[in-house]
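Hi,

Here is the structure I promised to pass on. Have a look at it first, and my notes follow below.

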Amino acid sequence: MDHVENRAVDGLIASQLNGRLTRRQLATGVLALPAITALIAACGSDKAKTTSTTGATTAPGADTTLTGATPTTVASETTLAAASGGNLIVAMDLPGGPFDPVGMYDLVAYGLVAQCFEFLCSLGDNSDIGPGLATEWSSNADATEWTFKLREGVKWQKGGDFTADDVAATMDRLVEGGNSGLGGIISKGSVTAPDPLTAVIKLDKAVGLFPYLVSVFNAQTVITPKDWALGNTLDKNPDGTGPWILESLDPTTSAKFKKNPDYWGGPPPLDSVEFQFFPDTDTQVTALQGGNVDVVMQFQASTGTSLFSDSSVDVSVLRAATHRQLWMRCDTGQFADKKVRQALALSLDRDVLISTLFDGKADLGNDHVIAPIYPYFDKTQPQRTRDIAKAKSLLTDAGFPNGLEATLYAGDLQEIKQLAQLVAVQAADAGFKLTASVVDNGSFYGKYWCPAEPKDPPCSGAAEIGIVDYGHRATPDVFLNAAIKTHGVWNSSQYSSAELDTAFEAFQAAPEADDAGRAAAAKNIQKIMNEDVPVCIPYFYNYLSATSKKVSGAQTSALGQIFLAKASKA
Amino acid sequence: MTRYILKRLLLALVTLWLLVTAVYFMVNVLPQSVAKSVLGNTALPEAVDRFNLKWKLNDPQLTQYFRYIKGLVHFDLGRSYKSERPVLNVLGGPLVRSAKLAIFALVITVPISIWAGVTAARRRDGKLDRAIVLTGLATSSIPEFVTGALLVIVFGVFLNWLPVISTIPSGTSLIGQVRYLILPALSMAIVYFGYIARMMRAGSIKALESDYARTATMKGLNDRQLIRRHVIRNAIPPTITVISVQIGYLFGGIIAVEKVFNYSGIGQQIFVAVSAKDLPLLQGCVLIVGTIYMLATLTADIIIAWLNPRVRLQVGSS
């Protein structure tokens, strides 16, 4: 029974419990569900234009590029005459957290904030990161100091010029907020401004790929005005430099933006863009097929099958570093012994997970954050495969000959609910008695992943074991800095390894041109993480999004962001 | 009549107070602490203490209860644990949306169902009667969200006549909004048609068989006059009662329909409140739905009393 059916069955059962349905009606409803799902799936028509960075799928439609490790999509430049004006509607998941540019942590917030605010480094056209609020950048020889030349003529939506002082204040807030994956890289006062259009950032240590950390791929690093207060949110103070001005935001339904007529890149062709929130992706898919929305930001292969054969839709399939981390507490509790963590990792049948959850559209994970799309990924590392005998043996060695019981916490987001259930089922063969507890995603982060208390070290109030989502990053720096490094701001496993920290330092210190040095460090990181298993990463899934063929010029990252400054709708 | 209405109002207020009290104690006097259920099982004692302090949960239950009642009197339903916004603000938009959908569904359902019920009674045991009864039975046995999904497939995806979701783009005119509400309203109307039509049919048959109907016919009233002046007036009270009960359900009980059509009404808020253990929000939802039930029932009672003097006389003399 798939996602759609599960939800519908939940509804049926709830209705029966409420006395609205007789048992016969309940049975009728349950029996009818597979037929309805099949009917919806059958509603698509001809073959769709599907694009893929893997090259495995036909790509007659949209232009999809993967330069280096940065997947972005530009929706098809169709031959349809693009009309100016109009309202474009984007379907996305329900928000899971605050719209605080510094404190946000869910992809919906990333997507909305990026409409109003901009980054130093944006997405280049069909390429890697490109000029944004910074037009060019360079570093000193050891990559400890970076100079960003800022764009001239950029204005804040509420008035005033954008200058280097805004960059300096933003960086200070990011340090203070501690949520940007820049921990240990910059300190307060690290930015100097020799002139209003030059920002010099002095790093605490060498980082060869630093521009990626102030780009779209580090979502919290949007530049906010100099006088922006920490804790301010998009809905309370919408004052960015971006192409869209927030008009209204209701977290239960939608957010609407109107075009910024004074945008430095010229007024956007569209009059307005609207982001509608949906509790599940199957409804988003139906809405796109019914013409009610123009873009679905992200969907799962299992629930959006019909889109692949719909001739009115462009589907983009992006190989990316998007993944789930099954964290296990390394400092305390039953998973503190790495043998237990290894046993759990060995109990998973990753091929089954990928075929069941993604219809094969994912890369195997090997319990480290160096995704196969990164150019420095070490292919020679042996892939961890299911080995129940070894898992049982490890559990026995760790003092759990009869297995162990634990609650596996997860948020109800995309395929994670099913993943939690599948993990519980697969791990049971090795002796793990995991109870999957899936809560609404809005509550999950603060309850089980990184509770606000205790603050120090961050995430030390996390549950013993759980599953959390991670969007794409063009480099693994944020994953490593925030989730894996000792006392990282999202380190829910409370993993602490001097060896890993050193390897990460070496990875970051490798100058931009030193591919060999970076690859050597990445190889080391893969080895350490695979051995210690602070997080189990079963797969890196392809980021799927869909756009109506009426839309052109829309650019999506695989981090929940869509860039619509040049978009138009026929 | 005024005395009757005042009595019913007083009774409604007492019922509402009982409802508020029952809901308050049901959600607050749980085996697990409120803080634990909101913060999660793994929450540290310090975090639990801070939460209790912030929301004044350390006060005795009765103190909290009276504070809540005092707030209600001032139209303050408290603040949501999750968003920390006033509950009334959180529920304002969903309430308006639910009201629009419920009213539209009733506008579609009630006249058609009443007409169908009366027609079936007039053609008792005829082909039309059987068709109406069987259709009503069939449609009322299929849950609304199944009907809704089928309507989406037919009218939204295949024919592309109507929107497949009911999220109304901002700036849409009132008339334009109707287009978005047709499918969810229709999916509910199809289900309730059966209930209301059958109720109306039964009442109409009883009225048609009554002595007063026979007398009216003998006095020379034609069929149309008989139906309008005597049958509908006497057959409709039970139907009004059924409709009034359905109104409450249309506001708070259609979570599945709201999900199918991505319509953010009170139903979805109840779901969110339960999922997030957001007790003030949940209490607010229940209170609003309960109030709507009360108002609908009260209105129904008043209409019935107006239609049937015996009812208000009975109440007046008791």
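How many of the residues of helix α3 (residues 107–116) of chain A are buried? The count is 10 of its 10, where buried means that 20 or more other C-beta atoms, placed from the backbone, lie within 10 Å of the residue's own. Among them are Y110(A), Q115(A) and C116(A). These buried residues pack against β4 (87–93), β11 (244–250), β12 (254–259), β13 (272–278), β14 (295–299) and β26 (562–563) of chain A.

Some ground rules: this is a predicted model, in which local features need pLDDT of at least 70 and side-chain atom pairs count only at pLDDT 80 or more, while totals for chains, interfaces and linings use all residues. Residues are numbered from 1 along each chain as its sequence is written, and chains are lettered from A and ligands numbered from 1 in the order in which they are written.

Chain A has 14 helices and 27 strands (DSSP runs numbered from the N terminus: H or I of at least four residues, E of at least two). Of its 570 residues, 58% count as buried.

Next, a strand pair (at least two DSSP bridges): β18 (residues 404–411) and β19 (residues 432–439) of chain A run parallel, joined by eight bridges. The chain crosses between them through helix α10 (residues 416–428) of chain A, in a right-handed β-α-β crossover (clockwise from first strand over helix to second, with the strands pointing away from the viewer).

Finally, the partner chain: 45 residues of chain A are in contact with 37 of chain B (C-beta atoms, placed from the backbone, within 7 Å). Helix α2(A) gives the most to that side of chain A, with seven residues.

Best wishes

Key: A residue is buried if 20 or more other C-beta atoms lie within 10 Å of its own, exposed if 12 or fewer, and partly exposed in between; C-beta atoms are placed from the backbone. Two residues are in contact if their C-beta atoms, placed from the backbone, lie within 7 Å.
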